[in-house]
Amino acid sequence: TSFVFIPNDVNSPIETANNIITFEDILKLDEIGVIQHNLVITIKQNPNDTPQKAFFTHGNVYVSLEQSSHAPSIKIPAHKFTTFGIELLSLIEIKPDLEYINQFVSRLETPSTKVDYGVFNPKDMTIINTIYSSAHPKE
């Protein structure tokens, strides 16, 4: 499943130095069937003693999240790409926007999470280089 993550308020623009996606743009993409807007992805609290893990990609950049056991749930506002939107994405080369990645990572970081991001090979999902790694989760 593919998502556009929202760094700030759900109705605010997704804005970096290189890109601005306005709320009106989001509504148009929803109207033509490219995305479903205003969803929330929840990384739920894990009741057992194993950490909760999630993996996100943006072009050839990955973001890896490890949340310590018994940590509170993390809610991430997002817009989900439809099947049609995913097909359109497959036709273009996505150039990663590190400012957008940094905004997303800062939203995920808490005292109970470890967040890494870096470059990976999309063909075989191998990590090539880690650009950033936060502190290990605290229990």
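**What the labels rest on**

Guide: In this chain of 139 residues, 35% count as buried. Please keep in mind that the model is predicted.

Visitor: What makes up the secondary structure of the protein chain?
Guide: The protein chain has three helices and nine strands. Along the sequence they follow the pattern β-β-β-α-β-β-β-β-α-α-β-β.

Visitor: Why is Gln67 called buried?
Guide: Buried means under 20% relative accessible area, and Gln67 has 1%, so the label applies. Gln67 lies in strand β6, which covers residues 61-67. Leaving aside neighbours within four places in sequence, its contacts include Ile43, Lys44, Pro51 and Ser112.

Visitor: Why is the pair of Phe55 and Phe120 called edge-to-face?
Guide: A search of the whole structure finds four aromatic pairs. In the pair of Phe55 and Phe120, the ring centres are 6.2 Å apart and the planes make an angle of 85°. Centres must lie within 6.5 Å to pair, and planes over 60 degrees apart count as edge-to-face, so both values pass. Phe55 belongs to strand β5 (residues 52-58) and Phe120 to strand β8 (residues 113-121), so the pair ties together parts that are 65 residues apart in sequence. Ring pairs also link Phe55, Tyr62 and Phe120 into a cluster.

Visitor: Which of the labels buried, partly exposed or exposed do Phe55 and Phe120 get?
Guide: Phe55 has 40% relative accessibility and therefore counts as partly exposed, because that label covers values between 20% and 50%. Phe120, with 3%, is buried.

Visitor: How do you know that Lys114 and Asp116 form a salt bridge?
Guide: Side chains of opposite charge can pair when their charged atoms come close. The rule asks for a side-chain nitrogen of Lys or Arg within 4 Å of a carboxyl oxygen of Asp or Glu. Lys114 and Asp116 meet at 2.8 Å, N to O, so the pair qualifies. By this rule the count comes to one salt bridge. Lys114 is buried at 12% relative accessible area, and Asp116 is buried at 14%.

Visitor: Why is Ile92 called exposed?
Guide: Exposed means over 50% relative accessible area, and Ile92 has 53%, so the label holds. Ile92 sits in the loop between α2 (83-89) and α3 (98-108). Together with Phe84, Leu88, Leu91 and Ile94, Ile92 makes a nonpolar surface patch of about 490 Å².

Visitor: Where does Met125 lie, and why is Met125 called partly exposed?
Guide: Met125 lies in the loop between β8 and β9 (126-133). Its relative accessible area is 45%, so Met125 is partly exposed. Met125 also has a positive phi of about 65° although it is not a glycine.

Conventions: Residues numbered from 1 in each chain as written. Predicted model: local features only at pLDDT ≥ 70, side-chain atom pairs only at ≥ 80, totals over all residues. Heavy atoms only, no water. Helix = DSSP H or I, 4+ residues; strand = E, 2+ residues; numbered from the N terminus. Buried < 20%, exposed > 50% of the residue type's maximum accessible area, 1.4 Å probe, protein only. Contact = heavy atoms within 4.5 Å. Phe/Tyr/Trp six-rings, centres within 6.5 Å; stacked < 30°, edge-to-face > 60°. Patch = residues over 30% accessible without salt bridge, like charges linked within 9 Å, V, L, I, M, F, W, Y side chains within 5 Å. Areas by Shrake-Rupley, 256 points an atom, 1.4 Å probe, with all protein chains shown as cover.
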